[in-house]
Amino acid sequence: MSSAPLFLGLDSSTQSLKASLLSTDLDVLAEHAVHFDTDLPEYQTSNGVSYGPDGSGEVNSPVMMVVQALDLLFDRMKDAGWELDRVRGISAAGQQHASVYWSHEAPTILSLLDPKKTLHSQLSGAFSRCVIPNWQDSSTSEDCQAIESFLGGPEVVAKITGSRAYERFTGPQIRRFKRLDPNGYGATSRVSLVSSFITTLMCADGEIKGIDESDACGMNLWAMNGSDRGWDKRCLQAVVGSEDEEEVKELERKLGRVETDGGKVVGKLGKWFQERYTMSGVCCVFPGTGDNPATFLSLTLKEREGMISLGTSDVLLVSVGQYLPNLEYHSFFHPAQIAPPSSQDEDKERTHEGLRYFNMLVYKNGSLPRSHIRDDYFDGSWDKFNSAVEKHRPKSGDGMERMGFWWLLPDIIPSGAHGTYKYQGQSGDLQLVEEFSDPSVNAITILHSQFLNYRSRSSAFLTSSSSPTPSPSTSPPSSPFPPRRGIFASLKTHPTPKPTQSSTHTLEEGDNKKKTSVGIPHLSRVYATGGAAANSTLLSVLSDVLHAPICKNVEFSPTSGWTSSNWNACSVGAAYKAKWGWERHVGVGERQNVGFDQVVREARMARRVTRLGPEGREGWEEEGITMVVGPDPERAEVYESWVDDWKELERRSVRSVEVNA
Ligand SMILES: Nc1ncnc2c1ncn2[C@@H]1O[C@H](COP(=O)(O)OP(=O)(O)O)[C@@H](O)[C@H]1O
Ligand SMILES: O=C(CO)[C@@H](O)[C@H](O)COP(=O)(O)O
């Protein structure tokens, strides 16, 4: 029986708590999940959440439900025979922005846990608020306005914290809690994010663990800029609603420290877990991070590469080299970096990697309008929806003769956009219509309008992005893999043009070279995840509009070879982080500062050699990914020429929302 270390990643999301167990070569060995609605029906959640009174915008979930889910998850892992005693590293991912409120008694309760009893039977006194506000909560509009006006406008908030004030962000949520329940706020010793809440439970040593710096960027409280990184005094004042020093200090105490090294040991696995589940006291716990950033880690995104999650919401995340905050997207720190010290850190001379970032676009109207159109026009069939898309794909030189916007829920981007708007006519002169003359175009039109949105806004990320200079002591050696070439020919698809900031470049198709005018920078590669990523027609349109190849994770099985992986990318990314932290923990000399990407590369290399022998083919699949579709250069050119007209129509539609408000 092997004694090689194993790594555990946890994913505490809106609807479930999941675990992935990984080998030291980063193979996914097993997974388990607890689904809140069905496994814990006593909490009466719907899709993991409960709603406040009509019109309140409140969306939350019971904090004890998550605690009980952790009991259940560990019971299931043990019952399934997972070799938990071999786990050496654990890291958690949590839904972003959502906050957990600890009571003053929490540290004592956490340090006195009895392994004979469940967590949920012992922890009810550890919280000063019985609910976790969910990311879908929109009850804090008043608080967002107050924060933005106190600080001097949305631009100022975005410049400091990486995002303008958003209703789901933690700062506005804390402000509302303090305003409506000052006693509850006073009874709060610490505020965690879901990621640091799970981290604290895993250590269960009486200490509330710090918030991860990447996750802290989703709070409207953490200053992201250079050496001033830290809790921002003016943001703290805006949230407490006062300039009183004591009040500001109190909030700063409640927020606690922020972990600026994503691979640092924050504690050993708690005695409660060691004794109850026969786990090792050597097992280390590493800082948890947000769910989207953890998914990003499972793909080890490089700069200018993107990840799109096509789930309930659509989320586009792009790795970038510079901090360029903007009103329309969120800027975050990379979730697995050794950052320079922040104003809070004492080790001012630490070896670090410089700062890396990602930008994120989040849309509430993702799958919702797509499935709405499927049901209204295509008998609820994705096959019929797809046939209609294929029928109407544009040809070279086609102008934009129709467009539509389906904001069935008030959206995040553009902020508050709401309603349905359809336009039809001659290219350059489209008129608002009730319905398209051929209703079957609804299918391709929803894809066009969503994907042109992602294309237009992601290009803004890339316009001035460049690599940070890594510090010499930690810069990784070059990849053991060859540059990613040649795959396009074997897949009979179109080659990927390099990302560009210039006004023209050449697209190549097989041996035919074609001069194409391309002025908008585009992503070099996009990884697709989420339910709608199963739809290859949709991915093909996405590839054309984004002008980038679309990739997916794959896994190897000795019987069926490389197949699409079905594992939970978020908890897998969290486990990668644990593996990285462990390698540094047991490493000596420079190895203590080895970078995340290098550790993942090495593990994949080892995996390739073990599976396929030293002669094993080198390529994308050995790195765990495959390209599923590449852009058609002619259609990519057509879409590029539509971007400005699309922008204008979006502006017109948003103006209509404002006029009707
Ligand atoms: N073949 C398909 N084409 C397009 N969308 C699909 C397809 N299959 C599933 N979906 C969409 O995927 C969504 C669920 O995605 P998922 O990633 O599981 O969501 P979440 O994790 O947010 O719950 C559903 O809303 C569904 O409409
Ligand atoms: O708010 C955001 C990102 O800003 C959401 O993407 C949540 O992070 C999603 O959480 P889950 O639905 O995956 O739990």
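**Close-up views of a predicted model**

**View 1. The shell around ligand 1 holds four nonpolar, eight polar and one charged residue.** The model shown here, as in every view, is predicted. Of the 13 residues around the ligand, the ones that come nearest are G311, S367, G531, A532 and N535. Which helix gives the most to this shell? Helix α14, residues 367-377, does, with three residues.

**View 2. The whole chain is built from 21 helices and 29 strands.** The chain has 661 residues, and 52% of them are buried. Take the contacts with a separation of 6 or more. Residues 24 or more positions apart account for 73% of those contacts.

**View 3. The largest nonpolar core has 181 residues.** Nonpolar side chains tend to be buried together in soluble globular proteins. Which members of this core touch the most other members? They are L8, A69, L70, W222, V239, L361 and V526. Leaving out residues up to four places away in sequence, W222 touches T161, A216, C217, W231, D232 and V258.

**View 4. Helices α15 and α16 cross at roughly 75 degrees.** Helix α15 spans residues 382-391, and helix α16 spans residues 442-462. Their axes come within 7 Å. Angles of 65 to 115 degrees count as roughly perpendicular, and therefore so does this pair. From α15, the contact uses F385, A388 and V389. From α16, it uses A443, I444 and L447. What classes of residue meet here? The contact has six nonpolar residues, no polar ones and no charged ones.

**View 5. Helices α6 and α10 pack at an angle of about 35 degrees.** Two packed helices are described by the angle and the distance between their axes. Here the axes are 8 Å apart. Helix α6 covers residues 170-180, and helix α10 covers residues 233-240. On the α6 side, G171, I174, R175 and K178 make the contact. On the α10 side, the residues are C235, V239 and V240. By class, this contact divides into four nonpolar, one polar and two charged residues.

**View 6. Helix α13 is mostly covered.** The helix runs over residues 291-298, and eight of its eight residues are buried. They are D291, N292, P293, A294, T295, F296, L297 and S298. T300 follows the helix and has a positive phi, near 40 degrees.

**View 7. R304 and D379 each sit in a loop with a positive phi.** Most residues other than glycine have a negative phi. R304 is not a glycine, yet its phi is positive, about 75 degrees. R304 lies in the loop between α13 and β17, a strand of residues 305-310. D379 is not a glycine either, and its phi is about 50 degrees. D379 is found in the loop between α14 and α15. Is each residue buried or exposed? R304 has 23 other C-beta atoms within 10 Å. The cut-off for buried is 20 or more, so R304 is buried. D379 has 10 C-beta neighbours inside 10 Å. The cut-off for exposed is 12 or fewer, so D379 counts as exposed.

**View 8. The peptide bond from I413 to P414 is cis.** Most peptide bonds are trans. Here omega is near -10 degrees. Where is P414? P414 lies in the loop between β21, residues 402-407, and β22, residues 419-426.

How values were computed: Residues are numbered from 1 along each chain as its sequence is written. Chains are lettered from A and ligands numbered from 1 in the order in which they are written. This is a predicted model: local features need pLDDT of at least 70, side-chain atom pairs count only at pLDDT 80 or more; totals for chains, interfaces and linings use all residues. A residue is near a molecule or strand if its C-beta atom, placed from the backbone, lies within 6 Å of it. Helices (H or I, at least four residues) and strands (E, at least two) are DSSP runs, numbered from the N terminus. Ala, Val, Leu, Ile, Met, Phe, Trp, Tyr, Cys and Pro count as nonpolar, Asp, Glu, Lys and Arg as charged, and the others, Gly among them, as polar. Axes are lines fitted to C-alpha atoms, for helices over the stretch in contact, and angles run from 0 to 180 degrees between N-to-C directions. Angles under 35 degrees count as roughly parallel, over 145 as roughly antiparallel, 65 to 115 as roughly perpendicular and the rest as oblique. Two residues are in contact if their C-beta atoms, placed from the backbone, lie within 7 Å. A nonpolar core is a set of buried Ala, Val, Leu, Ile, Met, Phe, Trp, Tyr and Cys residues joined through C-beta atoms within 7 Å.
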